[in-house]
Amino acid sequence: MKLARTILLSLLGFLLLIFIVALFFPKTYTVQRSLVIKQPAEKLYKEISDYNDFKEWNPWSETDSTTKKIVEGQPSHSGHKYSWEGQKTGKGYIIITETKSPTMVHSRLITTTPMESESEVDFTIEPVEGGTKVTWKNQGNLDYPFGRYFGFMVKDMLEKDFDKGLQNLKNYAEKH
């Protein structure tokens, strides 16, 4: 009986510790990466705001050949939507909520599997010396308590994916 009580109290203490420590972790995350591409802003804006092009250069397209992709709505306008479902990529969609040609595309990203999440995605496109600077930003909330532990991994994973995606965009823009 004493052993069972000790195990139960230890387990409760451990769970309490998980919940208390999570209170001190960030509630949100922001990931932002940039790349200067030697292409005009108008061309890059078109390739970012048209999900028919996005599906060709986004870094997740090449990770899962089983992914089904659906593009709906008018490119470069609110409501333009890219949905996907795949074994490795999970299921979700990204939908444009605001654009400003040729400088900005704002979208809402919703994933339903392997885990539910919502975040905001911004692309800013800015002419600079030597080309056009494209910045890809994603920000969202981290659910309490377990999402906050995941927040430490999100930044590392997304930074690598964004770097790869921006390089893919550069390569795609130079070929088309």
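Reply: Helix 2 and helix 4 cross in the right-handed sense. Keep in mind that this is a predicted model.

Me: How is a pair of packed helices described, beyond the hand of the crossing?

Reply: In general, two packed helices are described by the angle between their axes and the distance between those axes. Here the axes of helix 2 and helix 4 come within 11 Å and cross at roughly 115°.

Me: Which residues of helix 2 and helix 4 meet?

Reply: From helix 2 they are Lys43, Leu44, Glu47 and Ile48, and from helix 4 they are Leu169, Tyr172 and Ala173. Sorted by class, this contact has 5 nonpolar, no polar and 2 charged residues.

Me: At what angle do helix 1 and helix 4 cross?

Reply: Helix 1 (residues 2–22) and helix 4 cross at roughly 60°, with axes that come within 8 Å. The two helices are therefore oblique to each other. Their crossing is left-handed, whereas that of helix 2 and helix 4 is right-handed.

Me: Which residues make the contact between helix 1 and helix 4?

Reply: Leu17, Ile18, Val21 and Ala22 of helix 1 meet Phe146, Arg148 and Tyr149 of helix 4. By class, there are 6 nonpolar, no polar and 1 charged residues in the contact.

Me: Now the sheet. What holds its strands together?

Reply: Strands of a sheet pair through backbone hydrogen bonds, in either the parallel or the antiparallel sense. In this model, an open sheet of 7 strands has antiparallel pairing and the order 1-7-6-5-4-3-2.

Me: Why is one side of strand 1 and of strand 2 left without a neighbour in the sheet?

Reply: Strand 1 (28–37) and strand 2 (68–72) stand at the edges, and each has a single partner strand, so one side of each lacks a neighbour in the sheet. From one strand to the next, the twist averages 15°.

Me: How many bridges are there between strand 1 and strand 7?

Reply: Strand 1 and strand 7 pair over 10 bridges in the antiparallel sense. Within this pair, tyrosine 29 stands opposite glycine 140 of strand 7.

Me: What links strand 6 to strand 7?

Reply: These strands run antiparallel and are joined by 10 bridges. Glutamate 126 is opposite lysine 133 of strand 7. Strand 6 and strand 7 form a hairpin with 2 residues between them, and glycine 130 in the turn has a positive phi of about 95°.

Me: And how many bridges join strand 3 to strand 4?

Reply: Strand 3 (residues 81–86) and strand 4 (residues 90–100) run antiparallel and are joined by 6 bridges. Glycine 86 faces glycine 90 of strand 4.

Me: Which strands does helix 2 lie across?

Reply: Helix 2 (residues 41–49) lies across strand 1, strand 4, strand 5 (104–113), strand 6 (117–128) and strand 7 (131–141), and runs at about 165° to strand 6. Helix 4 (residues 146–175) also packs on the sheet, where it touches strand 1 and strand 7 and makes about 25° with the direction of strand 1.

Me: What pattern do the helices and strands follow along the sequence?

Reply: The protein has 4 helices and 7 strands, in the pattern α-β-α-α-β-β-β-β-β-β-α.

Me: What are the overall dimensions of the C-alpha trace?

Reply: Along its principal axes, the C-alpha trace spans about 75 × 35 × 25 Å. The radius of gyration is 20 Å, while a compact globule of 176 residues would have one near 16 Å.

Definitions and conventions. Residues are numbered from 1 along each chain as its sequence is written. This is a predicted model: local features need pLDDT of at least 70, side-chain atom pairs count only at pLDDT 80 or more; totals for chains, interfaces and linings use all residues. Side-chain values use heavy atoms; hydrogens and water are left out. Two strands pair if DSSP finds at least two bridges between them. Axes are lines fitted to C-alpha atoms, for helices over the stretch in contact, and angles run from 0 to 180 degrees between N-to-C directions. Contact means heavy atoms within 4.5 Å. Angles under 35 degrees count as roughly parallel, over 145 as roughly antiparallel, 65 to 115 as roughly perpendicular and the rest as oblique. A crossing is left-handed if the near helix is turned anticlockwise from the far one by less than a right angle, and right-handed if clockwise. Ala, Val, Leu, Ile, Met, Phe, Trp, Tyr, Cys and Pro count as nonpolar, Asp, Glu, Lys and Arg as charged, and the others, Gly among them, as polar. The radius of gyration is taken over C-alpha atoms; the globule rule is 2.2 Å times the number of residues to the power 0.38.
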